[in-house]
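We will go stop by stop, from a pocket to a helix to some paired strands.

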Amino acid sequence: MSLLIYLNGDFVPKEEAKVSVFDHGLLYGDGVFEGIRSYNGRVFRLDEHLQRLYDSAKVIRLKIPLSIDEMKEKILETLRLNKLSDAYIRAVVTRGVGDLGLDPDKCSKEGFVFIITDKIVLYDEQFYKNGLNVITVPTRRNVPEALNPRIKSLNYLNNILAKIEAKNGNVIEAIMLNSDGYVVECTGDNIFIIKNGSLYTPPTYIGALEGITRDAVMEIARKIGMNVEEKIFNRYEVYVSDECFLTGTAAEVIPVVMVDGRIIGDGQPGEITQKLTTEFRKLTQNTGTPIYPE
C-alpha cells in the first residue's frame with residue numbers, strides 16, 4: 001500500500017501529494033514546520049512540538065487553518081492510516097498560493113497544511129557507537145535580528161550551506177558559530193559539552209533553536225543530579241571539554257569524538273553521554289501521546 005499523506009483536508013497517496021508551484025512555501029520558503037517522532041505507539045512530546053509550530057506561525061503572521069487539537073488528531077490519524085508505530089512525522093504549513101510577488105496578503109487567507117509520516121535514519125548506527133567527527137564551518141548562523149532561528153521556518157538555506165561545507169570537509173555534520181564567534185548549534189542539531197561533570201549548551205538568545213530533544217536531555221541531566229547551564233562558549237571550550245554530543249528529533253542523542261581535528265576526551269563516546277542516551281531512550285519508549293486510544 002502506498003504511503004498516505006495528509007494534504008490540506010484529504011488523505012492522498014504520496015504519488016498524488018502535490019503543492020502548487022505558486023505556493024509561497026516553495027517560492028520563498030515562507031512557512032513553518034515541525035519534525036516529530038513516535039516510539040512504541042506513542043508520539044514523543046507532541047504537545048511541545050505543536051506549541052512550537054504554532055508559535056513559529058504566529059511570529060510570521062501565518063494563520064494555520066486547524067486548531068492545535070485538530071492538528072494533533074490529523075497527525076495521529078495519518079500515523080494510524082499508515083500503520084506506523086515508530087515513525088518520523090513532518091508537519092508543514094505553507095503560506096499557500098499567491099502571485100510571484102513577496103506580499104503575503106496576496107496569498108491564501110489560511111495556510112496550506114500537509115503531514116508526512118514515514119521512517120528516517122539521519123546517521124548510521126556506527127556513529128552512535130563510535131561517535132562523530134565534526135568541523136566548524138565558515139557559514140555563520142543567522143542573527144536573530146535578521147531571521148530568528150527560533151522560528152522553525154521552511155527557509156533552511158543557512159543550514160544547507162553549512163551542510164555543504166561539512167561535506168566538502170569530508171564530515172557529515174558541522175558546528176555553526178554566530179556573528180560574534182560563539183558556538184550556536186550544528187546544521188540540524190543542538191550541541192552540548194560536558195566539563196567536570198557539568199552540562200553546558202548555548203542559550204537560545206544567541207541563535208540556537210529551542211530543541212525539544214535538547215530540553216528533554218537537560219531535564220534528564222538534572223534528574224540524575226548534574227549541574228546544567230545554558231552558557232555562551234567558544235570553540236576553545238569545545239576542544240577542551242570532557243565529552244560532547246548533539247541532540248535533535250531525528251538525531252536523538254549522538255556523541256561527538258573529534259572537533260576540528262581535536263580529540264574530545266579519550267576519543268570515545270563518554271560515560272555521561274552514554275548514560276543520558278540510555279535515559280533518553282527509556283523516556284521515548286514510556287511517554288508520549290498514544291497513537292491509538294487507550
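This is a predicted model: local features need pLDDT of at least 70, side-chain atom pairs count only at pLDDT 80 or more; totals for chains, interfaces and linings use all residues.

**Stop one: the largest pocket.** Select Phe33, Lys152, Tyr156, Thr187 and Gly188. Of the 40 residues lining the largest pocket, these are the closest to its centre. The space there comes to about 740 Å³. Now colour strands S3 (31-39), S5 (87-94), S9 (183-186) and S13 (243-248), plus helices H5 (157-168) and H6 (212-223): each supplies at least two lining residues. Which of them gives the most to the lining? That is H5, with four residues. By type, the lining divides into 16 nonpolar, 15 polar and nine charged residues.

**Stop two: helix H2.** Select residues 46-59. At 1.5 Å a residue, these 14 residues should span 20 Å, and the end C-alpha atoms are 20 Å apart, so the two agree. Among the buried residues of H2 are Leu46, His49, Arg52 and Tyr54. Just after H2, click on Arg61, which has a positive phi of about 55 degrees.

**Stop three: strand S6.** Select residues 112-118. Five of these seven residues are buried, so S6 is largely enclosed by the rest of the structure. Strand S1 (4-7) pairs with S6 in the antiparallel sense over two bridges, and Tyr6 has Ile115 as its bridge partner in S6. S5 also runs antiparallel to S6, joined by seven bridges; look for Tyr88 opposite Asp118.

Methods: Residues are numbered from 1 along each chain as its sequence is written. Side-chain values use heavy atoms; hydrogens and water are left out. On a 1 Å grid over the protein atoms alone, a cavity is a set of points where a 1.4 Å probe fits but cannot get out, and a pocket is an open set with protein on both sides within 12 Å along at least five of seven lines; lining residues have an atom within 4 Å of a point. Grid points are joined across faces, edges and corners, and a volume is the space filled by probe spheres set on the points. Ala, Val, Leu, Ile, Met, Phe, Trp, Tyr, Cys and Pro count as nonpolar, Asp, Glu, Lys and Arg as charged, and the others, Gly among them, as polar. The expected span of a helix is 1.5 Å times one less than its number of residues. Buried means under 20% relative accessible area, exposed over 50%, partly exposed in between (1.4 Å probe, protein chains only). Two strands pair if DSSP finds at least two bridges between them.
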